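Below are my notes on the two-chain model you sent. They are set out point by point, for reading beside the coordinates.

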Amino acid sequence: MLRFVFQRLLQAIPVLFVIATVTFFMLRLAPGGPFDKEKRVRVEIIRNMEKHYGLDKPLFVQYLIQMKNLLRGDLGPSFKYPNRTVNELIADSFPVSLELGLDALMIALLLGVLSGIVASLRPNTATDYVPMAVAMLGICVPTFVVGPLLSNYFGLKLGWFNPGGWFFPSDRVLPALTLGFYFAAYISRLTRGGMLEILNQDFVRTARAKGASPSRVVLKHTLKGGLIPTISFLGPAVAGLLTGSFVVENIFDIPGLGRFFVTSAFNRDYTMVLGAVLFYAALILALNLVVDVLLVWLNPRLRFE
Amino acid sequence: MGALSLLPSCGKRETRIEAGDREQVLHIGNGTEPQDLDPHTITGDIEHHIVMALIEGLVSEAPDDLHPVPGIAESWDISADRTVYTFHLRQNARWSTGVPVTASDFVDSFERVLLPELASDYSYMLYPMKNAEAFNTGTLKDFKEVGAKALDAHTLQITLHSPTPYFLSLITNPAWYPVHIPTIKKYGGIADRANRWTLPGHFVGNGPFVLKEWKVNAFVRVQKNPDYWDAGAVKLNGIYFYPTENVDAEERAFRAGMLHITKDVPQTKIQVYQKEHPDLITAKPILSTYYYRFNVTHPPLNDKRVRRALAMAIDRDSICKNVARGGQVAAYNLTPPGIAGYTAKAQLPNDLSLAKNLLAEAGFPEGKNFPEVTILFNTHEGHKAIAETIQEMWRKNLGISVRLRNEEWKVFLDTTLKLNYDVARAAWGGDYVDPNTFLDLMVSGGGNNQTGWSNKEYDGLIEDAAKTGDMQKRFELFQQAEAILMDEVPLMPIYFYTRPTLIHHSVRNFFPTVLDNHPWKYVYLVPGED
């Protein structure tokens, strides 16, 4: 297994390299630059700025410098926020997104897995239709509808929580629910599907025939295999949860990483975009690795090869 | 919308603004995350709002109408030809490190903002000063020849190359602010934009407040500066600036008692507040114009008659009332109202039959054979709605059909700069209270002209106005320039902006102003009034 992990880590290096290269050149191909503003400044000033940030050098030289800095783990200064480095901006905002993401993940897993299991036990009855209808609703109603609804109702009408902001522990509740519901809905459907597939297999029938209690059938015989689709989904989903959601952060005014993904691209903040993309990519690679290890453990038919 | 009536509903729990009222701490929405707090490199009002709490220039602004009042300079003399200003600095003005603010601090600061390496966007604000432009563009190397001189520690002399009647108003701009050069040098190069002197703990200012905390995307907190020369007059103990980008979230925070003042109001709620809570909302005009550029190098827009016809064939009142819906004012010229002594006389006629005749004269009777023309706007729901309305008005009134195209912001900026458009959405906000900040836009080859339009007579008028010390005569020249502009219509004014803001009852001395600047030292809070 160690060999497997090590190999996968080695493979991640060329992947990150390709992502960095593609991102770098795609950004430079996009029209407009970091210093274009509605109030146009003199050409001399733009030239001076470009010189300052090394944008006057040939593109390939810029690329080499960027890569060299990346190797040292230096993502460079932000163009938009000149007195901060990209490393600092990520270091400041990632913990917020991480905290929100973990809370949301717990809600999603708890609600999703439980309702998925319940639904799978009596397929095509009320205990299946109700949670699945709710899950379908959860998938269909976007976070930008749920968020303001929760904020207005629990924040303003009932006054239980602040409608937005990130100051007190209680401020985590509404955004975590908003984000969690959305993922819970997916997880619920995936869990139901995975569970049903296993529940219909011969060994489960055998277990039942031998008189195993329903809870034993679920926990001991079915759950491990039934969760496989959910676990596969969780890899990229968790990366998305942890790096923050632009929409949820925007609705609840949360100082997380999510907004940098969107705003830095609009701002043509070259270094910030590259930093955010690489950070996200590395997280996805790492979580996919975790998921693969988990899958082998869950599914005896797979081997580390 | 019924929820609005629940306004200050919280029963027992003390809200953030109630605590703020008690402690004289203001909580204010500030739109978005400040890029930096260096007065010499900032470009937006977001940053300006915070910096004006931290640093004070030679003169300050009065809280209500922004007229210049003594700041670090307690008085000044103006030479007879109005080109030499001698400022007498206060003996008791200090930096937050305790050292006095001197005339040479100002001279060194002017030198820094004009350094070509710093590439300050607003360095042109100093161009009325003798040789400032030459130094800034690198043709002059010796700063001693620039018109700023410290006569002694507390006397500063500024020489202008021509009388600039709005000079005192101009120097309230942050580009004219002094900075503490030793502090900047301590944290890096003097022209280094990545210099970290503007972070809390590093920042040295001379204003009524000092920088205490800056949490990215969360808030900036400033606290009363006990060493400020006029500290006795400062009533607030602190201000929190929140970078809330989502206007709906900001409005909810206001209703929940988390903000005293908002930066903006959601478009859909402006009329609701005006009806149900007129005491909480203001929507006063600011010096900003929404307009469309005509690319005069593209036929048929190279024909003045076509441009005039297009500009006359829209119903601006209807756009303001039914589409923009924020109390905007229909614009029939470029320079907004609100500049004392100047109200543009030239007004685009609101005459549909004239528009139709002009179009026929230009060879397109009833819009027949009108070539394909596209309105370009940056991707935004509000701009789209206005473009669609204008498309429909032109179709109905002139019988021409135009197409719409939207582009992402930076792409849009690139396209308009390269004149790859026919008609493009634009907006301009004044930098100081004078018509020049608008009319200067359209001089030949001006970086923000971006229409391809050029007119010798117009350029001459703007140039003459810059040299004229007599305010009356200057305004007359501007009137003539504006008349040319509204005859030639290289641009089509649509409306003048308003700044909708929600303000709680406890806030005092916070006035809507035409530049949306609010000198913080006068603001205070009255507990128990929310």
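1. Confidence. pLDDT is the predictor's confidence in each residue, from 0 to 100. It applies here since this is a predicted model. For chain A the mean pLDDT is 89, and 99% of the residues reach 70 or more. Within chain A, the lowest confidence falls in α2(A), with a mean of 82, and the highest in helix α3 (residues 59-71), with 93.

2. Make-up of chain A. Chain A has 13 helices and 0 strands. Read from the N terminus, the order of elements is therefore α-α-α-α-α-α-α-α-α-α-α-α-α. Along the principal axes, its C-alpha atoms occupy a box of roughly 85 × 55 × 30 Å. Chain A has 305 residues, and 40% of them count as buried. Of the contacts in chain A with a separation of 6 or more, 74% are between residues 24 or more positions apart.

3. A helix pair in chain A. How do α4(A) and α7(A) meet? The axes of α4(A) and helix α7 (residues 173-199) of chain A come within 6 Å, crossing at roughly 35°. The crossing of α4(A) and α7(A) is right-handed. The residues of this contact comprise 20 nonpolar, 7 polar and 2 charged.

4. The interface. In the contact between the chains, 42 residues of chain A meet 41 residues of chain B. On the chain A side, at least two residues each are supplied by α2 (43-52), α4 (86-121), α6 (143-157), α11 (246-252) and α12 (258-267). The largest share, 6 residues, comes from α6(A). By type, the chain A side that touches chain B has 16 nonpolar, 13 polar and 13 charged residues.

5. Helix α2 of chain B. Helix α2 (residues 45-54) of chain B is mostly covered, with 7 of its 10 residues buried. The buried residues of α2(B) are E47(B), H49(B), I50(B), V51(B), M52(B), A53(B) and L54(B). Their cover includes β8 (209-215), β9 (219-224) and β10 (238-242) of chain B.

6. P68(B). This proline is found in strand β3 (residues 68-70) of chain B. Is P68(B) buried or exposed? P68(B) has 21 C-beta neighbours inside 10 Å, so it counts as buried, the cut-off being 20 or more. Beyond its neighbours within four places in sequence, P68(B) is in contact with V59(B), E61(B), L168(B), S169(B) and T172(B). The C-alpha atoms of P68(B) and F167(B) are separated by 9.8 Å, although the two residues are 99 residues apart along the chain.

7. Helix α16 of chain B. Just after α16(B), V489(B) has a positive phi of about 35°.

8. Backbone points to check by eye. Most residues other than glycine have a negative phi, and most peptide bonds are trans. N124(A) is not a glycine, yet its phi is positive, at about 60°. The residue sits in the loop between α4 and α5 (126-140) of chain A. N124(A) has 9 C-beta neighbours inside 10 Å and therefore counts as exposed, the limit being 12 or fewer. R325(B), also a residue other than glycine, has a positive phi near 55°. R325(B) lies in the loop between α10 (316-324) and β12 (329-330) of chain B. With 15 other C-beta atoms within 10 Å, R325(B) is partly exposed.

9. A cis bond in chain B. Which peptide bond is cis? The bond from P299(B) to P300(B) is cis, with omega near 0°. P300(B) is placed in the loop between β11 (281-294) and α9 (304-312) of chain B.

Note on methods. Residues are numbered from 1 along each chain as its sequence is written. Chains are lettered from A and ligands numbered from 1 in the order in which they are written. This is a predicted model: local features need pLDDT of at least 70, side-chain atom pairs count only at pLDDT 80 or more; totals for chains, interfaces and linings use all residues. Two residues are in contact if their C-beta atoms, placed from the backbone, lie within 7 Å. Helices (H or I, at least four residues) and strands (E, at least two) are DSSP runs, numbered from the N terminus. Ala, Val, Leu, Ile, Met, Phe, Trp, Tyr, Cys and Pro count as nonpolar, Asp, Glu, Lys and Arg as charged, and the others, Gly among them, as polar. Axes are lines fitted to C-alpha atoms, for helices over the stretch in contact, and angles run from 0 to 180 degrees between N-to-C directions. A crossing is left-handed if the near helix is turned anticlockwise from the far one by less than a right angle, and right-handed if clockwise.
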